[in-house]
Every structure is written in C-alpha cells, then in structure tokens.
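The following questions and answers concern the structure shown below.

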Amino acid sequence: MTGPLLEVAGLVKHFPVRRGVLGLVSGHVRAVDGIDIHLNEGETLAIVGESGCGKSTVGRLVLRLIEPTAGTVRFEDVDLLALGATAMRARRQRLQVIFQDPYASLNPRMTVGAMLGEPLMLHGLAGDQGQRRVRVAELLELVGLRPDHARRYPHEFSGGQRQRLAIARALAVEPKLIVADEPVSALDVSIQAQVINLMRSLQRRFGLSYIFISHDLAVVKHIADRIAVMYLGKIVETATTDELFRSPRHPYTRALLAAVPLPDPTAVRERALLEGDIPSATAPPPGCRFHTRCRFARESCRRDEPQLVNDSQGSDTTHATACPWWQEIPPPPAPPEATGQNQDRIRLDRLQAAFVSAQEAT
Ligand SMILES: Nc1ncnc2c1ncn2[C@@H]1O[C@H](COP(=O)(O)OP(=O)(O)OP(=O)(O)O)[C@@H](O)[C@H]1O
Ligand code: SF4
Ligand SMILES: [Mg+2]
C-alpha cells in the first residue's frame, strides 16, 4: 500500500425528497456536500458536529452501505466504488461498523456464540466447530467478557457489555478499519470510559484504524488523533486533537466551546454565539453555510463560499479552516479563575454540555 489506508475525495450525498402520492422529487437533502478525508493505519479520525450535519452519512458512504452522488472512496489502494457486489462483500471483511445502539444490531434470538461464529463461517475464518468455539472464546476474552458468556443471549447483558459484544463481532473478521457511529453515546459516563479504553487497547494491539463519529467532543478527546468538525454537510475545521482544543479557529468550533453559559456576567453574551436554528440541509444558506448563526459574518460571507484551507502554523501540519477571517476574530475570553489544567477541564465540560444541549434541542 502506497497511500493512506483510507482516502475520500469530493464525497457528496444528496438524498431526494419525494412529495405527494406520485412520489415526485421536490428537492434534495444535501447531507454530505463535498468532503475530503484521509486516515492512516492505526489512526483515529473523529467526525463531530451537531445533529443532522451529515456524520452518519459519511460513515455509511465510507462503508459503501449507500452509494454516493459523487466522489471517490479509496481503501487499501482500491477504489471501493468500482468494486462489483462479490468483490465488495469480500472487501467488507476489512471494514466493520459499530452503532450507538448495540441491542438493535444484535440478533435477540441468537446466542452470543452463534452470533460471533456466524461471520467466522461466512468468511471462512475458522474451520470446524471446535476451532470456532476456541475463536469465539478468544474474542470474548479480548473484549473483557468470559468464554461461558457464549451460551447467553443479548438481553442477558448490560448496555456496556452489549457494546463489547458488538466490538467482538466487528473484530471477528480481523478488520483494518472500524467505523464507530456514536458507539458510547447511549452509555453512562463511567461505562463510556471503559469502552473507550477497550477500543484504544484493541487499536494498539491490532493496529486498527477508527472513524469515530460523535456529537461529544469530550469523548472524542480521549480517543481521536485528529478531528474533523462538520456543519451542514461540510467540514469547517480539521486539526490534530491537541491543536483543535488548544487553538480552535472557526467561529463554529469556537462557538461550541463557549456555547454553554457559566454563572458569570459574560454568560449571556457567550450564549448568543450559537443561537438560531440549524438551517435546513435541503436549502443550505448561500456563501458560508454558518453565516446565519455567525456573529462575525460580513457581507461577503453571505455570497462567497469559503474553502477549507490548510493554514498550518507550528507543529500541526494538518490544521485547515473554512473561514478566511479566522485570524481577525478575537478568541473567546477565558474565565479569569481558569488557568492551566483547570481551564482545560472547564472548557471540556462546556464542550460536552454544548453538544448535549445541541442534540436535545432537535
Ligand atoms: N435516507 C435518507 N433520506 C433522506 N434524508 C436523509 C437520509 N439519511 C439522512 N438524511 C438527512 O441527511 C442529513 C444528515 O443526516 P445524518 O444522519 O448523516 O446526520 P448526523 O450528523 O449523523 O446526525 P445525528 O447526530 O442526529 O446522528 C439530515 O438532514 C438527515 O435528515
Ligand atoms: S466565513 Fe464569515 S460567516 Fe463563515 S464562519 Fe467565517 S466569518 Fe463566519
Ligand atoms: Mg448520526
């Protein structure tokens, strides 16, 4: 392999909107509207943004569960979109997915042993029944469960354990890339940390790559090497995780940082940063899509669409921003009492709360 593990270019997905009894197409939801991403072996890229911005659609496109309107998806130097059904089925072994709700994706009538044995059989990975049993036991131990759990059914497990089962099933076929779509969003915070730690240790052990989709930057901070922030079908900022938390540039990223008021006099003004509804993805605003909610918007923002420009400074060579004005925008004021570690903590709490409240609002 010469290039990155995954290389996505100019990816577009427009869903037709149908109206009336005849089902005539009356418009398109521009769920993903021209994005580029790349991912190296052993790396985690997080995709974050408010509900409806197109995160899951990107994941489904990468897995080729849906066909794009335009763009290319190269995985292990192979153009996935050029593969026929048989070749794609074989390739899918290398690309797995974990969803938010493991219960919905686990067959309630199958024992764990049968569920984990099935992909092994389908992909010819374990010869006879005996070998399969050994491999199932191995998989269960890898995700922190016991071999005797193979006899149980999904409903006999807790939410965190069920997500471990979903991870075991993904691992069964020895994938290179796992798309994890909100994998811990339904779990309690303490269980979230356990599942994240498990994912990290499996990544180190097997050299896995993850696309980690989440509305929760606080979670993403613990697992991502790089983050792409999405808004209405576009990536508005991307950088290494450290860099994005240290110096967010795009007004949207910054607004998310400051969106939840603290009990101090500046709170009201900061709240104003993310007011207004997310515009419809059927008719996104012209120019910069964020201009209807951006307090730094100027005339040209309503007209000219900003490109995602790599304007790296310092050590991070991947920092790109889709706002030509970011250098002129003052950083949000830090609360006076917050310094060092404490500042990070407060910022993180606000981020987490910002994303949670953004989801609840929809
Ligand atoms: N099959 C579909 N047909 C029509 N519109 C769709 C379809 N799937 C998604 N959409 C629309 O595309 C947009 C992006 O949806 P997507 O599920 O990718 O967002 P998301 O960022 O994953 O949101 P969430 O955080 O709520 O999961 C939304 O406006 C959604 O309504
Ligand atoms: S381009 Fe204009 S509207 Fe868009 S984020 Fe930058 S300042 Fe705001
Ligand atoms: Mg989603």
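Q: Which residues of H1 are buried?
A: In this predicted model, helix H1 spans residues 55-62 and is mostly covered, with 6 of its 8 residues buried. A residue counts as buried if 20 or more other C-beta atoms lie within 10 Å of its own. The residues of H1 that are buried are Lys55, Thr57, Val58, Gly59, Leu61 and Val62.

Q: Which residue with a positive phi follows H1?
A: Helix H1 covers residues 55-62. The residue with positive phi that comes after H1 has a phi near 55°, and this residue is Arg64.

Q: Is Gly124 buried or exposed?
A: Gly124 lies in the loop between helix H4 (112-122) and helix H5 (129-142). Because Gly124 has 8 C-beta neighbours inside 10 Å, Gly124 counts as exposed.

Q: How many Å apart in space are Gly124 and Val173, C-alpha to C-alpha?
A: In sequence, Gly124 and Val173 are separated by 49 residues. In space, their C-alpha to C-alpha separation is 9.4 Å.

Q: Which strands stand at the edges of the sheet, each with a single partner strand?
A: The open sheet is formed by 8 strands with mixed pairing, in the order S6-S7-S8-S3-S9-S10-S12-S11. A strand with a single partner has no neighbour in the sheet on one side, so the edge strands are S6 (95-98) and S11 (309-310).

Q: What is the bridge partner of Thr238 in S12?
A: Strand S10 (residues 234-240) and strand S12 (residues 320-321) run antiparallel and are joined by 2 bridges. In S12, Thr238 has as its bridge partner Ala320.

Q: What angle does the direction of helix H6 make with that of S6?
A: Helix H6 (residues 159-172) packs on the sheet, where it touches S6 and strand S7 (177-181). The direction of H6 makes with that of S6 an angle of about 175°.

Q: How many residues of the shell around ligand 2 are nonpolar?
A: Ligand 2 is surrounded by residues including Cys288, Cys294, Cys301, Cys323, Phe290, Phe296 and Trp325. His291 also belongs to these surroundings. The shell contains 1 polar residue and no charged residues, and its nonpolar residues number 10.

Q: What share of the contacts with a separation of 6 or more joins residues 24 or more positions apart?
A: The chain has 12 helices and 12 strands, and buried residues make up 39% of its 362 residues. Among the contacts with a separation of 6 or more, the share from residues 24 or more positions apart is 65%.

Key. Residues are numbered from 1 along each chain as its sequence is written. Chains are lettered from A and ligands numbered from 1 in the order in which they are written. This is a predicted model: local features need pLDDT of at least 70, side-chain atom pairs count only at pLDDT 80 or more; totals for chains, interfaces and linings use all residues. A residue is near a molecule or strand if its C-beta atom, placed from the backbone, lies within 6 Å of it. Ala, Val, Leu, Ile, Met, Phe, Trp, Tyr, Cys and Pro count as nonpolar, Asp, Glu, Lys and Arg as charged, and the others, Gly among them, as polar. A residue is buried if 20 or more other C-beta atoms lie within 10 Å of its own, exposed if 12 or fewer, and partly exposed in between; C-beta atoms are placed from the backbone. Helices (H or I, at least four residues) and strands (E, at least two) are DSSP runs, numbered from the N terminus. Two residues are in contact if their C-beta atoms, placed from the backbone, lie within 7 Å. Two strands pair if DSSP finds at least two bridges between them. Axes are lines fitted to C-alpha atoms, for helices over the stretch in contact, and angles run from 0 to 180 degrees between N-to-C directions.
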